[in-house]
Amino acid sequence: LPRRPPRRKIPHYQVTAAVIRRNGKILIARRPEDSMLGGMWEFPGGKQEAGESLPECLRREIAEELGVQIEVGRLLISLDHAYTHFKITLHAFECRLVSGTPQAIGVADWRWVLPDELDGYPFPRTDRQIITAMNNETMKQ
């Protein structure tokens, strides 16, 4: 019988997301149309690079995408998610804007929105889970 070739290992990435708050609003960003999940809204962030801590990754990604500096606070939620060709562990952190005005550098658009307005935007499943975690925290308070 012919042997099956071994399955190719699916890459696994560590990814960060920032829940940046200011004056009761949260900063969200729209993914570029030509990217994966293009046109959807998300909590900004990105993939961890070798030798980088999760907070370092998040500060770098936010500076590259939006041109602002943030202070990374506590971890809100970590969740695992699988796509067709790779897997991720997404780490969402509470953050605070330290300096700068957001600019659409690595994103298609950005907005400050009230937490109640988040349901009016199309978010990927992982970001919806972050919203659920935020709502659960609010209900505990």
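The entries below go from the whole chain down to single residues.

**Ground rules**

I'm working with a predicted model, where local features need pLDDT of at least 70, side-chain atom pairs count only at pLDDT 80 or more, and totals for chains, interfaces and linings use all residues. Residues are numbered from 1 along each chain as its sequence is written, and side-chain values use heavy atoms, with hydrogens and water left out.

**Confidence**

I looked up pLDDT first, which is the predictor's confidence in each residue, from 0 to 100. The chain's mean pLDDT is 92, and 96% of its residues reach 70 or more. Where is confidence lowest, and where is it highest? Helix 2 (residues 125-140) has the lowest, at a mean of 86, while helix 1 (residues 54-66) has the highest, at 97.

**The whole chain**

I listed the helices and strands next; these are DSSP runs numbered from the N terminus, with helices being H or I of at least four residues and strands being E of at least two. I got 2 helices and 7 strands. Going along the sequence, the pattern is β-β-β-β-α-β-β-β-α.

The C-alpha trace spans about 65 × 30 × 30 Å along its principal axes. The chain exposes about 8600 Å², and carbon and sulfur atoms supply 50% of that. The areas come from the Shrake-Rupley method with a 1.4 Å probe, and for residues only the protein chains shown count as cover.

I also checked burial: buried means under 20% relative accessible area, exposed means over 50%, and partly exposed is in between (1.4 Å probe, protein chains only). Of the 141 residues, 39% count as buried.

Then I looked at contacts, meaning heavy atoms within 4.5 Å. Among contacts between residues at least 6 apart in sequence, 67% join residues at least 24 apart.

**Strands side by side**

Which way do the strands run when they pair? Two strands pair if DSSP finds at least two bridges between them. Strand 1 (residues 12-22) pairs with strand 6 in the parallel sense, over 10 bridges. In that pairing I found Val-19 opposite Glu-94 of strand 6.

Strands 5 and 6 run antiparallel, joined by 11 bridges. A hairpin of 4 residues connects strand 5 to strand 6. I picked out Val-72, whose bridge partner in strand 6 is Cys-95.

**Ala-17**

Ala-17 is found in strand 1. Is it buried or exposed? Ala-17 counts as buried because its relative accessibility is 3%. Its contacts, leaving out residues up to four places away in sequence, include Phe-43, Leu-58, Phe-93 and Ile-130. I also checked the C-alpha atoms of Ala-17 and Cys-57, which are 9.5 Å apart although the residues are 40 apart along the chain.

**Glu-42**

Next I clicked on Glu-42, which lies in strand 3 (residues 41-42). Its relative accessibility is 11%, so Glu-42 counts as buried. What does the side chain of Glu-42 join up with? I found a polar contact of 2.8 Å to the side chain of Arg-31. (A polar contact is a pair of N or O atoms within 3.5 Å; within protein, one must be able to donate a hydrogen and the other to accept it, and residues adjacent in sequence count only if both atoms are side-chain atoms.) Not counting residues up to four places away in sequence, Glu-42 touches Ile-28, Ala-29, Arg-31, Phe-123 and Asp-127.

**Salt bridges**

A salt bridge here is a side-chain nitrogen of Lys or Arg within 4 Å of a carboxyl oxygen of Asp or Glu. How many are there by this rule? I get 9 salt bridges.

- Arg-96 and Glu-71 form one, with their closest N and O atoms 3.0 Å apart. Arg-96 lies in strand 6 (residues 87-99) and Glu-71 in strand 5 (residues 69-82), so this pair ties together parts that are 25 residues apart in sequence. Arg-96 is partly exposed at 42% relative accessible area, and Glu-71 is partly exposed at 40%.
- Asp-119 and Arg-128 form another, with the closest N and O atoms 3.4 Å apart. Asp-119 is exposed at 62%, whereas Arg-128 is partly exposed at 27%.
- Arg-60 bridges to Glu-61, closest N and O atoms 3.0 Å apart, and both residues are buried. A network of salt bridges links Glu-49, Glu-52, Arg-60, Glu-61 and Glu-64.
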